[in-house]
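Colleague: Please put the model up, and then let us work through it by question and answer.

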Amino acid sequence: MNDEEWEELGRAISNNTHLEGLHLNKGALNDQKIRYFFRGLTRSNLIYHVRFADDGLSVVGVQSMVPFLQHANNLTDLDLDDNNLESEGFNVLFRALRNSPIKRLTCCSCSIASIEIDSDHIPKYLTGLYLDGNNINTDGCRGLAKLLQGGDATLRELFLYGNKIDDEGVEILVDVLQNNKSLTALDVRQNNDITYDGESMLLKLVNNTSSIKATLHSNHTLEHVCVKLLLLDEEVSEIQTHIKMATQINRNQDNPEAAGREKVIQTQLHSANRAELCRLQGVHQSLHSEINPLHLPEVLALVGKHHGQGELYDTLKSSIAGVISIVNRKKIIKDQMAYYAAKLEELSAQLAAIEATEGEAV
């Protein structure tokens, strides 16, 4: 097809009253063809899915799509996998979608590294962003963090498989996800610069065992966190096991408060689980120092109910020293009060005697 025919095709689609999807892949388009195609196709009220994969499109091709993207009133899915968008093309694309109904955006293997996102112009319906196989680094994570900030965040799935994210990038994502209530799935597998420290940060995100309060304030929204791609004969690491345990609790509970309570029961009140999590997170604080002795009967009841007699015995044995210590402290305080009361009585008698003597002298 020549340029004029591509333009005519676009115009015909624009006037079509039945077509809901456009799939032109594997070299069907290029920057030149798409330029003329979108001269004709400038708007649509029907098309909801567009897939232009492996067409060699660059920022030039994306710029040709902008008028259509800004006037596609029903477009919810856009797939531009395996093109050469680079960071500039993706940023142009994202700005063009800021007022669109887009829900899922897929730009895998598009040579994207850094990402510029204007917090005031984020697509308000975007729930899925799939950026596997790019070059997203720490700067890219800073841009993505803006999608996850604030109470209006809508993103539910963020796939970053096979990028160039390191521990610093993980830290940026973990920091913003502490308070995020929308994201349910995060995939950072095959980011080979993520070390044990980065994996530990992700574990701490979904189950922070530094204190009971920290556990209750962990992220209870994430239901899937994929950290490492396993080979056929490779065992799941301890960190991955505990991440899976925490996210499974998130999936199985009806609300964040219930998830937090269940994590406390299954990890903080289970000596073996807590010991392992504390070792993985570098926590050295005793659990029982946090528990008010007045709440100990309730805690012991929970331990016995959920973990059995053996765990109940271990918990009682570990906590009794703290109870005795507090009881002893109360006794010391009472003894001190009695001592000072007697001392006060003695001094009062001495003062009365002095005043009586002075009165007789007058």
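Predicted model: local features only at pLDDT ≥ 70, side-chain atom pairs only at ≥ 80, totals over all residues.

Colleague: How many helices and strands does the protein have?
Modeller: Both are DSSP runs numbered from the N terminus: a helix is H or I over at least four residues, and a strand is E over at least two. Counted this way, the protein has 12 helices and 8 strands.

Colleague: What percentage of the residues count as buried?
Modeller: Buried means under 20% relative accessible area, exposed means over 50%, and partly exposed is in between (1.4 Å probe, protein chains only). The protein has 362 residues, and the buried share of them is 43%.

Colleague: Among contacts between residues at least 6 apart in sequence, what percentage join residues at least 24 apart?
Modeller: A contact means heavy atoms within 4.5 Å. Among the contacts between residues at least 6 apart in sequence, the share joining residues at least 24 apart is 78%.

Colleague: Which elements do the buried residues of helix 2 pack against?
Modeller: Helix 2 covers residues 31–40, where Asp31, Ile34, Tyr36, Phe37, Phe38 and Gly40 are buried. These buried residues pack against helix 1 (3–15), strand 1 (21–23) and helix 3 (59–70).

Colleague: At the start of helix 2, which backbone nitrogen does a side-chain oxygen of asparagine 30 reach?
Modeller: The pair is a polar contact, meaning N or O atoms within 3.5 Å; within protein, one must be able to donate a hydrogen and the other to accept it, and residues adjacent in sequence count only if both atoms are side-chain atoms. Here the oxygen comes to within 2.9 Å of the backbone nitrogen of glutamine 32.

Colleague: Is aspartate 82 exposed, partly exposed or buried?
Modeller: Aspartate 82 is in the loop between strand 3 (77–79) and helix 4 (86–96). Its phi is near 60°, a positive value in a residue other than glycine. Most residues other than glycine have a negative phi. With a relative accessibility of 40%, aspartate 82 counts as partly exposed.

Colleague: Where is aspartate 54?
Modeller: Aspartate 54 has a phi near 55°, again a positive value in a residue other than glycine. Because its relative accessible area is 38%, aspartate 54 is partly exposed. Its place is the loop between strand 2 (49–51) and helix 3.

Colleague: Why is helix 4 described as largely enclosed by the rest of the structure?
Modeller: The buried residues of helix 4 pack against helix 3, strand 3, strand 4 (104–106) and strand 5 (128–130). Ser87, Gly89 and Phe90 are among the buried ones. Helix 4 is largely enclosed because its buried residues number 8 of the 11.

Colleague: Leaving aside its neighbours within four places in sequence, what is asparagine 91 in contact with?
Modeller: Asparagine 91 is found in helix 4. It counts as buried because its relative accessibility is 5%. Leaving aside those neighbours, asparagine 91 is in contact with Ser114, Ile115 and Glu116.

Colleague: Which backbone nitrogen does the side chain of asparagine 134 reach?
Modeller: Asparagine 134 lies in the loop between strand 5 and helix 5 (138–145), and at 3% relative accessibility it counts as buried. Not counting residues up to four places away in sequence, it touches residues including Cys107, Cys110 and Asn163. At 3.0 Å, its side chain reaches the backbone nitrogen of serine 111.

Colleague: How far apart in space are valine 176 and lysine 146, C-alpha to C-alpha?
Modeller: Valine 176 lies in helix 6 (residues 167–177) and counts as buried, with 11% relative accessibility. It is 30 residues from lysine 146 in sequence. In space, the C-alpha atoms of valine 176 and lysine 146 are apart by 8.4 Å.

Colleague: How much space lies in the largest cavity?
Modeller: A cavity is a set of points on a 1 Å grid over the protein atoms alone where a 1.4 Å probe fits but cannot get out; points are joined across faces, edges and corners, and the volume is the space filled by probe spheres set on them. A search of the whole structure finds 1 cavity of 30 Å³ or more. The space in the largest cavity is about 40 Å³.

Colleague: Which residues line the largest cavity?
Modeller: A lining residue has an atom within 4 Å of a point. The lining divides into 2 nonpolar, 1 polar and 4 charged residues, where Ala, Val, Leu, Ile, Met, Phe, Trp, Tyr, Cys and Pro count as nonpolar, Asp, Glu, Lys and Arg as charged, and the others, Gly among them, as polar. The residues are Phe94, Arg95, Arg98, Glu116, Ile117, Asp118 and His121.

Definitions and conventions. Residues numbered from 1 in each chain as written. Heavy atoms only, no water. 1 Å grid on protein atoms, 1.4 Å probe; cavity = no way out; pocket = protein on both sides within 12 Å on 5 of 7 lines; lining within 4 Å.
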